Amino acid sequence: MKIGIKGINRASATVTVALTAGAVLAGSVFAATAQAATPPTPTIAAKGGYVMNNGTAKTLFTKAADTRRSTGSTTKIMTAKVVLAQKNLNLDSKVTIQKAYSDYIVSKGASSAHLIVGDKVTVRQLLYGLMLPSGCDAAYALADKFGTGTSRAARVKSFIGKMNASAESLGLTNTHFDSFDGIGNGSNYSTPRDLTKIASSAMKNSTFRAVVKTKSTKQKVTTKSGGYRYMSWSNTNTMLSSYSGAIGVKTGSGPTAKYCLVFAATRNGKTVIGTVLASTSATTRAADMKKIMDYSFKK
């Protein structure tokens, strides 16, 4: 009996040692896995950045996310959002292109959809001209069409008022617009967090989603004489072609704004959406966004 007991004790000790060693090994593996699952927070050149999970609104990356900055043409996300929120909107209704729109882009040296005076362009086509080549002439046409008032100046002022009302309705306290296209007069600003929320809200609209994910388009418009011409527009958001899962949304740039980008992508059923403001170049802007989006998909 004693021999048997000794044998059992010896066997038990062996099992205990084996189990202990196994636990230590397993613990090391789990620790290494946990460490590998938490990637280091990336460093970006942009002065501000923010990314969130579009489904849960959980913050995934932040850098000066609530600092107000000039937004450049990312402002046009709100321009499109306001248009698409109009009651009884007819996307196929036509807008006649006015000389004022052409004069405006010339005077401002602004980005253009190259709209031609006298052409009749649908609201849907103007949205493509607004968001793909970032046409400030298209933005002006939409503001003139959907603002209210007896003069063009009054209608534009009314439209910008709608942009600010929309920001307020989203609870955004660090956003203000004084232009329909981002060429502001000193009071056109937002933050990475606010712009991301504006884009997230806009992406709920199917027309908006269809427009901002389009790499290029060819649109048939009616000329002043009743004939037709084709307008070809390419998206300034080159990450639609270079980033896996990209679904939008808008670039921006300017002397004060520097280089900005609001961006969204979907991978394995998870959509993340984010913003970088005041990056140093178009190339750096794209690199910044790639870093923080890759990081956010791993979180």
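Over the ring of which residue does the charged end of Lys218 sit? Select Lys218 and Tyr230 to find out: the Lys218 charged end is over the Tyr230 ring, 5.1 Å from its centre. Keep in mind as you click around that this is a predicted model.

Now try Lys220 together with Tyr228. Here too a charged end sits over a ring, with Lys220 placed 4.1 Å from the centre of the Tyr228 ring.

Next up are rings that meet other rings. A pair of aromatic rings is described by how far apart the centres are and by the angle of the planes. With centres within 6.5 Å as the cut-off for a pair, the count here is seven aromatic pairs.

Pick Phe61 and Tyr295 to see one of them. Colour the chain by position and you'll see distant parts brought together: Phe61 belongs to strand β2 (residues 59-63), Tyr295 belongs to helix α10 (residues 282-298), and 234 residues separate them. Buried or exposed, these two? Phe61 and Tyr295 are both buried.

Hop over to Tyr243 and Phe263. This aromatic pair is edge-to-face as well, at 5.5 Å centre to centre and 85° between the planes.

For the last stop, select Tyr101, Tyr104, Tyr140 and Phe180 at once. Ring pairs join these four residues into a cluster.

Methods
Residues numbered from 1 in each chain as written. Predicted model: local features only at pLDDT ≥ 70, side-chain atom pairs only at ≥ 80, totals over all residues. Heavy atoms only, no water. Phe/Tyr/Trp six-rings, centres within 6.5 Å; stacked < 30°, edge-to-face > 60°. Helix = DSSP H or I, 4+ residues; strand = E, 2+ residues; numbered from the N terminus. Buried < 20%, exposed > 50% of the residue type's maximum accessible area, 1.4 Å probe, protein only. Lys NZ or Arg CZ within 6 Å of the ring centre and 35° of its normal.
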